[in-house]
Amino acid sequence: MLDTALLHEVISGHDEFDATSVDRPVSPVVAAAREGASGDLTGVKVGRVKQFGGEGTQDGVAEAVDKAIAQLESQGAEIVEVDCPNFAHVMGAYYIIQTSEVSSNLARFDGMRYGQRAGDDGKHSAEDVMALTRGEGFGDEVKRRVILGTYALSVGYYDAYYLQAQRIRTLVAQDFAQAFEQVDIIAGPATPTTAFKLGDKVDDPLAMYNFDLFTLPLNLAGLPGMSVPAGTASDTGLPVGLQLIAPAFADERLYRVAAAFEARR
């Protein structure tokens with residue numbers, strides 16, 4: 001964990017050429033990782049989200065996460081259950097917002113200004129070149145998301161889909177804010193199941209999307225998260241990840257808890 005913290009410190013910081021980069025001091029992640037290496041979590045409040053788990057979560061994953069959180073408690077952490085009711089809507093909200101952004105951001109890749117160009121042989125119109133370029137350059141999943149996003153942003157559907165999804169995003173952020181008034185960090189499963197076989201879900205995009213269920217809330221809210229090894233599932237023997245979530249700009253909390261957890265494995 002200390003290696004990860006050292007790398008984090010090196011690559012962190014404000015980038016004046018990046019509009020999404022925040023100009024503020026880097027969290028003391030290295031000091032936090034060194035503190036956590038003692039294994040002592042006395043005084044740390046760890047939240048368990050009521051909505052994480054339940055139907056759709058593999059038994060072996062739930063069991064491994066329960067053991068991991070019990071270990072945190074044995075190290076001195078206080079476990080507190082927190083209620084985040086709007087997490088029930090994150091799947092729909094995230095994929096409307098994400099596909100809308102895909103549609104908007106990838107519109108520039110049309111074969112006209114830069115990048116790949118297909119069909120430019122003097123026999124095709126500009127519209128044909130755009131279609132051929134995008135058809136050749138984008139994979140099936142990218143095309144699917146572009147189509148969904150274009151639909152969500154179209155006239156007559158913007159308010160019904162995109163705007164509503166942004167409202168849910170605000171509610172999810174409020175759920176997190178209320179949770180962090182009670183706890184220092186949130187712990188839960190990283191994924192609802194262990195890894196599936198290569199190619200198993202290719203023809204079932206919804207199943208693929210569901211695999212992200214527990215990481216979507218912090219993506220919507222813009223919070224830092226970390227997944228650490230939490231043993232293996234008893235029913236598959238495959239690795240399980242324990243996800244840790246901290247408030248915005250409180251990355252050091254992740255490193256302290258993760259390092260402490262790692263120290264006692």
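**Bridge partners and sheet architecture**

Gly47 has Val80 in strand 2 as its bridge partner. This pairing belongs to a predicted model, in which the protein chain holds 10 helices and 5 strands. The 5 strands form an open sheet of mixed pairing, in the order 2-1-3-5-4. Strand 2 (78–82) and strand 4 (225–232) are at the edges with a single partner strand each, so one side of each has no neighbour in the sheet. On average, and with direction ignored, neighbouring strands of this sheet are turned by 35° against each other.

**Strand pairing, across the sheet**

- Strand 3 pairs with strand 5 in the antiparallel sense over 4 bridges, and Ile186 stands opposite Ile245 in strand 5.
- Strand 4 and strand 5 run antiparallel and are joined by 6 bridges, with Thr232 opposite Pro239 in strand 5.
- Strand 4 and strand 5 form a hairpin with 6 residues between them, and Gly237 in the turn has a positive phi of about 75°.

- Helix 3 (residues 59–74) lies across strand 1, strand 2, strand 3 (185–189), strand 4 and strand 5 (239–245). The angle between helix 3 and strand 5 is about 50°.
- Helix 10 (residues 251–263) lies across strand 3, strand 4 and strand 5. Its course is at about 15° to strand 4.

**The largest pocket**

- The largest pocket has a volume of about 340 Å³.
- Its lining comprises 14 residues, and those nearest its centre are His8, Ser12, Val26, Phe249 and Asp251.
- By class, the lining of the largest pocket is made up of 6 nonpolar, 6 polar and 2 charged residues.
- Where is Phe249 found? Phe249 is in the loop between strand 5 and helix 10.
- Phe249 has a relative accessible area of 43% and is therefore partly exposed, a class that lies between the limits of 20% and 50%.
- Most residues other than glycine have a negative phi. Phe249, although not a glycine, has a positive phi of about 65°.

**The second largest pocket**

- The second largest pocket contains about 210 Å³ of space.
- Which helices each supply at least two residues of its lining? They are helix 4 (90–105), helix 6 (140–153) and helix 8 (205–210).
- Helix 4 provides the largest share of this lining, with 5 residues.
- Residues that line the second largest pocket include Met91, Tyr95, Ile96, Leu148, Tyr151, Tyr161, Leu206 and Tyr209. Gly92, Thr99 and Ala152 are also among them.
- By class, the lining of the second largest pocket has 9 nonpolar and 2 polar residues, with no charged residues.

**A buried loop residue**

- Asn86 is located in the loop between strand 2 and helix 4.
- Is Asn86 buried or exposed? Asn86 counts as buried because its relative accessibility is 17%, and the cut-off for this class is under 20%.
- Leaving aside residues up to four places away in sequence, Asn86 touches Leu171, Val172 and Asp175.

**The chain as a whole**

- Along the principal axes, the C-alpha atoms of the protein chain fill a box of roughly 70 × 45 × 35 Å.
- Of the 265 residues in the protein chain, 38% are buried.
- Among contacts in the protein chain between residues at least 6 apart in sequence, 75% join residues at least 24 apart.

Key. Residues numbered from 1 in each chain as written. Predicted model: local features only at pLDDT ≥ 70, side-chain atom pairs only at ≥ 80, totals over all residues. Heavy atoms only, no water. Pairing = 2+ DSSP bridges. Axes fitted to C-alpha atoms, helices over the stretch in contact; angles between N-to-C directions. Contact = heavy atoms within 4.5 Å. 1 Å grid on protein atoms, 1.4 Å probe; cavity = no way out; pocket = protein on both sides within 12 Å on 5 of 7 lines; lining within 4 Å. Points joined across faces, edges and corners; volume = space filled by probe spheres on them. Nonpolar A, V, L, I, M, F, W, Y, C, P; charged D, E, K, R; others polar. Buried < 20%, exposed > 50% of the residue type's maximum accessible area, 1.4 Å probe, protein only.
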